[in-house]
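User: I have a model open and want to learn how to read its features. Can you walk me through a few?

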Amino acid sequence: MDKIEFTKIIKEVVAQAAIKDTIDNLNDPPGRKPHEQLLVQSEWFRSLSPGDREMVGKVIAEAVHESVFGFLCVLDGVRSITAAGETNDLKLSCSGIQLNDDSGELLHDIYKNV
């Protein structure tokens, strides 16, 4: 697996799934006894016009994509999760290949383009 393949998989398995699952949960809360907050959100969401529901879906998608992008920035070492002045020293590898090395395009940049 290389950087591009990894990023495509993350986009599909993490981001797209999170968007779909969130909207599905708003349309039809899962479980025998869904959490009260989800029931209230679902009732509100289903009361919206189709255009407003579509807009909420777009906002959900944007939030998910920004979250994944930010996480990839952390993996790439361009957004720090350590004390001020320190850098991340995170290593992401698959089959012995480091996916978040400095060579070539960074994961967060690839994500925006796949």
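**Reading the features**

Analyst: Let's start with Ser95, which is exposed because its relative accessible area is 70%. Exposed means over 50% relative accessible area, buried under 20%, and partly exposed in between (1.4 Å probe, protein chains only). This is a predicted model: local features need pLDDT of at least 70, side-chain atom pairs count only at pLDDT 80 or more, and totals for chains, interfaces and linings use all residues. Residues are numbered from 1 along each chain as its sequence is written, and side-chain values use heavy atoms, with hydrogens and water left out.

User: Where is Ser95 found?

Analyst: Helices (H or I, at least four residues) and strands (E, at least two) are DSSP runs, numbered from the N terminus. Ser95 sits in the loop between strand S1 (93–94) and strand S2 (97–98). Its phi is near 55°, a positive value in a residue other than glycine.

User: Is Ser42 buried or exposed?

Analyst: Ser42 counts as buried because its relative accessibility is 0%. This serine lies in helix H2 (residues 36–47), and its side chain reaches the backbone oxygen of Leu26 at 2.6 Å.

User: Which residues touch the most other members of the largest nonpolar core?

Analyst: A nonpolar core is a set of buried Ala, Val, Leu, Ile, Met, Phe, Trp, Tyr and Cys residues joined through side-chain atoms within 4.5 Å. Here the largest one has 20 residues, and Phe6, Val64, Val68, Leu72, Leu92, Leu107 and Tyr111 touch the most other members. Helix H1 (3–27), helix H3 (50–76) and helix H4 (107–113) each give two or more residues to this core, with the largest share, nine residues, coming from H3.

How values were computed. A polar contact is a pair of N or O atoms within 3.5 Å; within protein, one must be able to donate a hydrogen and the other to accept it, and residues adjacent in sequence count only if both atoms are side-chain atoms.
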